[in-house]
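Please look over the sequence and the model shown here before reading on.

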Amino acid sequence: MRPLRVAVVGLGRIGALHAEHAFGQVPFAELVAVADVDEALARSTGERFGAVWTTDTAQLLADPTIDAVVLATPTAQHPDHVEAAALAGKAIFCEKPLALSDERTRQVIAAVETAGVPLQVGLHRRLDPDTAEAKRAVEAGELGTPYSFRTSLRDMNPQPLEYIANSGSFFIDVSIHDLDLARWLVGEIVEVTAFGSSVSDPGYAEMDSVDHAVIVVRFENDALGVIDNSRVAGYGYEASTELVGSKSTLRIANSQRTQVTVLSDANARNDHAVDFVERFRDAYRLELVAFVEAVRNGVPPPVTGWDALAAFTLATASDRSWRTGRPVALTVDRSNGRIEYRIDDGVPAAR
């Protein structure tokens, strides 16, 4: 089989990383085209990788010589771009979330299923080697029955307020990764209670958002989970996880660059990753590897549109809990042979 001819649309920080990976770091993939509304950026990226470049996304998505597209455009553009790519028969990798409402997300999934094309969503934590090892240990029964789950996701420095204003709520933009991780490692969630605060910049409150949040989740087996998130932690980027089980406890450490500790003057000093690109570079590459393998082998990708919808619904429930100050219960629907969540507004889950 010839290599999969891949195009990357949207060349910001993540899009540029995807282009770099697609150019020679993903087996059986060939980066053939890139697009961005910024002409200078599109040109320089195309010339760097020897790919066709354009500012016309619609033209690129319709190009019959392209097999697959990687969409790293602004969130609000995801639905239209996914639908256009599906209509053109492309395999699609799209950054999270697929859309900013439940209804629009379902429309996008329906368009993809009607077109019969593969869709993978960029919830990259599942492809991180450390997380994959944790998943293996859980499935092998090494932890026993899950008792509790804890994870922290903290940025060293915040994204620009202009980006934040258009990225959905804090919970959709940030917490969605931890909520997806929680259900992937432990199981389905039946209740969320969220607390949020704006403490680092009055701009967050002015846009009706927060910069710090804590989410308490209750799983189907009555295990508990705690998620804490921060847009501005200062010391570095952190993505750490702990899962306590009846047989053993598993921990994923807190994002050090190395395992070196410097001891001097009665103090200890460790280094830290500075952002998610540094911490999860391997995960971002491996999710494209998995995407290309799934397309070539005709198997479902590791993170489907329905997985993305489940994480989105959990994030929406968390946002609702924060706004109402009440727990939000969820019903887990398996009637269609897949997992779907239904929100029971503000009603605590049955004990």
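The paragraphs below go through a sheet, a helix pair and a loop residue.

This is a predicted model, in which local features need pLDDT of at least 70 and side-chain atom pairs count only at pLDDT 80 or more, while totals for chains, interfaces and linings use all residues. Residues are numbered from 1 along each chain as its sequence is written, and side-chain values use heavy atoms, with hydrogens and water left out.

An open sheet with mixed pairing is formed by eight strands in the order β12-β11-β7-β10-β9-β8-β15-β16. Strands are DSSP runs of E with at least two residues, and helices are runs of H or I with at least four, numbered from the N terminus; two strands pair if DSSP finds at least two bridges between them. Within the sheet, β7 (residues 146-154) and β11 (residues 238-245) run antiparallel and are joined by eight bridges. One of the residues involved is Phe-149, whose bridge partner in β11 is Leu-243.

Elsewhere, the axes of helix α1 (residues 13-22) and helix α11 (residues 281-297) come within 10 Å and cross at roughly 60°. Axes are lines fitted to C-alpha atoms, for helices over the stretch in contact, and angles run from 0 to 180 degrees between N-to-C directions. Contact means heavy atoms within 4.5 Å. Residues of α1 including Ile-14 and Leu-17 meet residues of α11, among them Tyr-284 and Leu-288.

Pro-327 lies in the loop between α12 (305-324) and β15 (328-333). Because its relative accessibility is 25%, Pro-327 counts as partly exposed (buried is under 20% relative accessible area, exposed over 50%, partly exposed in between, with a 1.4 Å probe and protein chains only).
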